[in-house]
Amino acid sequence: MEIKGQQIPTNTVTRTLSELDAATGNIYETVNVIARRANQINSELKQELAAKLSEFSFATDNLEETFENREQIEVSRHYERLPKPTLIAVEEYLEGEVAFRERNPQAAEK
């Protein structure tokens with residue numbers, strides 16, 4: 001997953017509720033949308049990391065070789081430095097990059 005050269009903070013930022021629930025009109029729906037997007041981002045990052053680390057795994061690896069592999073360590077450090085998926089999802093939501101649709105419970109009953 002490519003994180004677009006955004007300046008996403010790596011720590012928590014205080015947000016106003018009116019800023020967050022402007023698109024949905026309900027803070028709980030907003031949190032649900034952001035949480036679902038954060039789960040998507042997290043799974044994409046996990047798959048990407050697993051694919052990159054699988055290049056380094058061999059059937060004959062022993063424990064000492066695993067710790068001494070500098071490239072593997074650098075790949076792991078890169079992913080550790082990335083902002084958390086929740087922070088990425090919040091920024092995407094605020095910039096209008098997250099598409100969501102409202103389920104109408106009345107239409108589902110018919």
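In this presentation a residue is called buried when its relative accessible area is under 20% and exposed when that area is over 50%, with partly exposed in between (1.4 Å probe, protein chains only). Helices (H or I, at least four residues) and strands (E, at least two) are DSSP runs, numbered from the N terminus.

The structure is a predicted model, in which local features need pLDDT of at least 70 and side-chain atom pairs count only at pLDDT 80 or more, while totals for chains, interfaces and linings use all residues. Residues are numbered from 1 along each chain as its sequence is written, and side-chain values use heavy atoms, with hydrogens and water left out.

Let me begin with confidence. The average pLDDT (the predictor's confidence in each residue, from 0 to 100) is 80 for the protein chain, and 79% of the residues score at least 70. Helix 2 (residues 27–54) has the highest confidence, at a mean of 92, and helix 3 (residues 63–68) the lowest, at 56.

I turn to the overall architecture. The protein chain has 6 helices and 0 strands. Of its 110 residues, 24% are buried. Among contacts (heavy atoms within 4.5 Å) with a separation of 6 or more, 73% join residues 24 or more positions apart.

Next, helix 4. This helix spans residues 70–81, and its 12 residues reach 16 Å from the first C-alpha to the last, close to the expected 16 Å; the expected span is 1.5 Å times one less than the number of residues. Which residues of helix 4 are buried? They are Gln-72, Val-75 and Tyr-79. These residues lie on the same side of helix 4, because they cover an arc of only 65° around the axis, taken from the directions from the helix axis to the C-beta atoms. The face turned away from that buried side carries the exposed residues Arg-70, Glu-80 and Arg-81.

Tyr-79 also leads us to the core. A nonpolar core is a set of buried Ala, Val, Leu, Ile, Met, Phe, Trp, Tyr and Cys residues joined through side-chain atoms within 4.5 Å. The largest one has 17 residues, and Tyr-79 is among those with the most contacts inside it, together with Ile-34, Ile-41, Leu-45, Ala-89 and Tyr-93. Helix 2, helix 4 and helix 5 (85–94) each give two or more residues to this core.

Finally, helix 5. Of its 10 residues, 8 are buried, including Pro-85, Glu-91 and Glu-92. Helix 1 (17–20) and helix 2 are among the elements that cover them. Just after helix 5, Gly-96 takes a positive phi of about 80°.
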